[in-house]
Amino acid sequence: MHSKYPETLNALIAHLKKLPGVGSRTAERFAFELIRWQPAQLEELGTLLTSLPHHIIPCTTCGCLTQQNTCRFCTSHNRETHSLCILSSPRDVYAIEETRTFRGLYHVIEHLLSPLDGRHASTLRIDRIEQRILHHKVTELILAFDSTLEGDATALYLKQQLSKYPISISRLAFGIPVGSNLEYVDSGTLAKAFAGRQTLY
Ligand SMILES: [Zn+2]
């Protein structure tokens, strides 16, 4: 499709197109901008990209992003450990932190349930959530999932599986438009959604 360009440029464009929201034309624009950069700048970017898998890793306890084995939430002594917020993306953790309404701990599951895409309950690693509930004597579980079918299915499943524990389970609901991803919800709306979380029965 991009045979009009030299091979390396085609490859660069193909990589850039993998980024969310980047179509062919934008990818081409980015690529032509990059080839104007100084070699030192390109090298710096290249080194940074190469270091990502080694320097930005999921916390072995909660799945939040960290540069060490354990993240700042898990090592902090100022968090309310009886409260556990479960999310499906490490990025959503930052959105919730920004609202300053939650002082508990986080737990990031790798993805929401989506049987059609082969993401079944067995991949949720519910045993890890249970370990944390027992370890921290958690009394409140907050499910902060996208307001989508997958988010609903995952919330329902966790509610069913974890209702044997004496904990309140609630889900962000108020103010989050149906079908929306948390990362696109503004901080004010997210803060309201947190304050107005609804208990799941
Ligand atoms: Zn952690």
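**Zinc site and helix contacts**

A: The zinc ion is held at 2.3 Å by the SG atoms of C59, C62, C71 and C74, where donors are N, O and S atoms within 2.8 Å of the metal (3.2 Å for Na, K and Ca) and water is not among the atoms. This is a predicted model, in which local features need pLDDT of at least 70 and side-chain atom pairs count only at pLDDT 80 or more, while totals for chains, interfaces and linings use all residues. Residues are numbered from 1 along each chain as its sequence is written, and side-chain values use heavy atoms, without hydrogens or water.

Turning to helix packing, the axes of α1 (residues 7–16) and α2 (residues 24–34) come within 9 Å and cross at roughly 125°, with axes fitted to C-alpha atoms over the stretch in contact and angles running from 0 to 180 degrees between N-to-C directions. On the α1 side the contact (heavy atoms within 4.5 Å) is made by L9, L12, I13 and L16, and on the α2 side by A27, E28, F30, A31, F32 and L34. Nine of these contact residues are nonpolar, none is polar and one is charged, with Ala, Val, Leu, Ile, Met, Phe, Trp, Tyr, Cys and Pro as nonpolar, Asp, Glu, Lys and Arg as charged, and the others as polar.

Helices α5 (residues 90–99) and α8 (residues 187–195) pack at about 85°, their axes 9 Å apart, so that α5 is roughly perpendicular to α8. Here A95, I96, E98 and T99 of α5 meet S187, L190, A191 and F194 of α8, a contact of five nonpolar, two polar and one charged residue.

For α6 (residues 126–136) and α7 (residues 149–162), the axes come within 12 Å and cross at roughly 55°, which means that α6 is oblique to α7. I126, I129, E130 and I133 of α6 meet Y157, L158, Q161 and L162 of α7, and this contact divides into six nonpolar residues, one polar and one charged.

Terms used
Helices (H or I, at least four residues) and strands (E, at least two) are DSSP runs, numbered from the N terminus. Angles under 35 degrees count as roughly parallel, over 145 as roughly antiparallel, 65 to 115 as roughly perpendicular and the rest as oblique.
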